[in-house]
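Here are my notes on this model, as numbered points. Please read them with the structure open.

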Amino acid sequence: PVTTHFHRTTTIVDNSSTDANLAAFQQSWASGQPVVVSGILEKLSEDWSPARLSSFVVANNANATIVDCLKPGRACKTGKFWEGFRNFSARFQPCRASSVDSEASSLTSRLASCGKKKKEEEERREFLPSFSKGGCLLDEEVLLLPERSCSSSPLGKASSEPLPTLLKLKDWPAKEDFKTVLPKHFSDLMSALPFPEYTTREGIFNLSARLPDVYIKPDLGPKMYIAYGTAVVPSCGTTNLHLDVSDAVNVMVHVHEPEFVKVGKNNSHIKNWFDQDRREVARIVGRQEESIQKRCSTLKTGALWHIFLAEDSDTIRAYIREKNPTLSENDDPIHDQCVYLDDVMREELKGKGVVGFEIIQCAGDAVFIPAGAPHQVQNLNSCIKIAEDFVAPEHISECVKLTDEFRHLSSDHSNHEDKLQVKSIIFHSVKDAVSSFL
């Protein structure tokens with residue numbers, strides 16, 4: 001079936017290996033459009049629950065990047081990461097009133113520190129400790145890496161009340177190969193991925209497979225992303241607007257709808273957050289067309305995606321610069337990942353001819369994101385997602401364009417280096433194609 005999202009259509013197919021599904025995928029994929037494949041959980045046999053995965057994280061003593069998507073960096077206890085994943089109340093801890101900026105959701109405030117953000121994050125990253133062996137993520141106080149400032153009150157007002165954390169464990173494992181750290185889960189995921197011709201490491205339409213073994217292969221994943229969810233702050237996403245140099249498939253392997261459990265006596269403000277959050281999730285689901293609402297009633301609602309066509313990147317970039325003319329030439333509002341486009345901003349972009357795809361990713365859904373397509377994510381519930389990158393022939397020209405674009409970023413930018421080796425991939429893909437005729 002084809003479903004309308006945000007005034008564009010997204011192809012949704014089930015996870016059955018049929019020629020019709022592959023043809024439907026390739027038709028949308030060639031047009032640079034995202035695709036959603038459902039039913040992935042039915043093909044998974046390993047335990048992807050938080051209890052199981054947390055034990056692997058601890059046992060392997062792996063490094064991790066922890067970010068607080070809701071507030072700037074501050075000292076936080078992350079030993080209760082998994083408790084906050086399940087229990088909404090566990091996300092709250094005392095915070096000075098001065099840390100709340102009622103204007104933090106304005107675009108100017110969001111972008112003001114973009115120029116400094118990249119270098120500061122690299123410096124902070126050096127101080128992140130390893131995972132402990134105590135059965136939780138981290139058992140000591142660390143300075144969380146900030147995504148950016150957001151309005152920190154459900155009513156958009158400054159408050160001296162305790163504020164929640166919105167924590168995200170991203171890009172795990174950071175350095176090791178997922179296949180080495182979790183071999184059984186890796187095999188389980190690879191066997192369940194839709195369209196293996198594209199998504200597996202040996203896929204015939206995954207051009208990165210053409211690189212000879214003498215090359216250091218690009219790290220295309222899979223990587224795990226575990227994060228809390230909230231819909232009550234519309235200007236704050238779990239992942240800010242950005243784009244990737246390669247294609248990607250993002251699989252929702254677990255969704256948990258957090259409970260409200262009383263902690264102490266004064267819980268009214270926490271209950272207020274929780275109730276408003278649940279109402280906002282219902283509002284977002286309710287604005288979808290009937291077929292999507294039906295899916296959300298039978299499957300657990302995980303995350304809200306907004307994906308734009310690659311060709312709209314320059315218009316979006318110009319719009320953000322127009323809203324904040326103080327950005328320097330060295331700042332890139334998309335590559336720097338400093339902006340989450342809220343409802344008002346997306347409506348203004350529609351007036352400029354930019355209409356994106358609004359997708360609700362449910363448990364068991366795989367979202368395919370084309371290379372170069374600007375996209376952002378807001379978790380509506382606590383989610384565990386696995387992302388696998390690949391290089392499809394349909395978007396190889398976009399990969400080349402972005403590689404050259406990244407090359408002009410500042411030398412300390414995380415995207416400056418050509419990690420994909422796209423020219424080598426093209427050379428060996430052409431060489432293999434020509435040799436097949438000889």
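**Notes on the predicted model**

1. Start with Arg-287. The model is predicted, and in it Arg-287 is partly exposed, with a relative accessible area of 33%. Its partner in a salt bridge is Glu-358, and the closest N and O atoms are 2.8 Å apart. Arg-287 sits in the loop between α9 and α10 (290-298), and Glu-358 sits in strand β15 (residues 357-362), so the bridge ties together parts that are 71 residues apart in sequence. Glu-358 is buried, at 4% relative accessibility.

2. The bridge is part of a network. Salt bridges link Arg-287 and Glu-358 with Glu-280, Arg-283, Asp-343 and Arg-346. Please inspect these side chains as a group.

3. Next, the largest cavity. Its volume is about 80 Å³. Which residues line the largest cavity? From the network come Glu-280, Arg-283, Arg-287, Asp-343 and Arg-346. The lining also includes Ala-231, Pro-234, Ile-284, Leu-304, His-306, Tyr-340 and Gln-378. By class, five lining residues are nonpolar, two are polar and five are charged.

4. Which elements supply at least two residues each to that lining? They are α9 (268-286), β14 (301-307) and α12 (343-350). Helix α9 gives the most, with three residues.

5. There are other cavities. The count is four at 30 Å³ or more. Leu-70, Phe-88, Arg-91, Pro-164, Thr-165, Leu-166, Gly-229, Thr-230 and Trp-273 line it. That lining divides into five nonpolar residues, three polar and one charged.

6. Now the salt bridges as a set. The count comes to 20. One of them joins Asp-432 and Arg-210, with the closest N and O atoms 3.9 Å apart. This pair links distant parts of the chain, 222 residues apart. Asp-432 is in helix α14 (residues 422-435), and Arg-210 is in the loop between α8 (196-199) and β11 (223-227). The cut-off for a salt bridge is 4 Å, so please check this 3.9 Å pair by eye. Asp-432 is partly exposed, at 26% relative accessibility. Arg-210 is also partly exposed, at 31%.

7. A local pair is Lys-271 and Asp-275. Their side chains meet in a salt bridge of 2.8 Å, N to O. Both residues lie in helix α9, four residues apart, or about one turn of the helix. Lys-271 is partly exposed, at 32% relative accessibility. Asp-275 is partly exposed too, at 24%.

8. Ser-49 deserves a look. It lies in the loop between β3 (35-38) and α2 (50-59). Is Ser-49 buried or exposed? Its relative accessible area is 19%, and buried means under 20%, so Ser-49 counts as buried. Its side chain makes a polar contact of 2.8 Å with the side chain of Asp-47. Leaving aside residues up to four places away in sequence, Ser-49 touches His-254 and Ile-384.

9. Check the backbone at two prolines. Most peptide bonds are trans. The bond between Trp-172 and Pro-173 is cis, with omega about 0 degrees. Pro-173 is in the loop between β10 (167-172) and α6 (178-181). The bond from Gly-221 to Pro-222 is also cis, with omega near 5 degrees. Pro-222 is in the loop between α8 and β11.

10. Check two phi values as well. Most residues other than glycine have a negative phi. Asp-171, in strand β10, has a positive phi near 55 degrees. It is partly exposed, at 31% relative accessibility. Phe-195 is not a glycine either, yet its phi is positive, about 50 degrees. Phe-195 is placed in the loop between α7 (183-192) and α8. It is buried, with a relative accessible area of 8%.

Technical notes:
Residues are numbered from 1 along each chain as its sequence is written. This is a predicted model: local features need pLDDT of at least 70, side-chain atom pairs count only at pLDDT 80 or more; totals for chains, interfaces and linings use all residues. Side-chain values use heavy atoms; hydrogens and water are left out. On a 1 Å grid over the protein atoms alone, a cavity is a set of points where a 1.4 Å probe fits but cannot get out, and a pocket is an open set with protein on both sides within 12 Å along at least five of seven lines; lining residues have an atom within 4 Å of a point. Grid points are joined across faces, edges and corners, and a volume is the space filled by probe spheres set on the points. Ala, Val, Leu, Ile, Met, Phe, Trp, Tyr, Cys and Pro count as nonpolar, Asp, Glu, Lys and Arg as charged, and the others, Gly among them, as polar. Buried means under 20% relative accessible area, exposed over 50%, partly exposed in between (1.4 Å probe, protein chains only). A polar contact is a pair of N or O atoms within 3.5 Å; within protein, one must be able to donate a hydrogen and the other to accept it, and residues adjacent in sequence count only if both atoms are side-chain atoms. Contact means heavy atoms within 4.5 Å.
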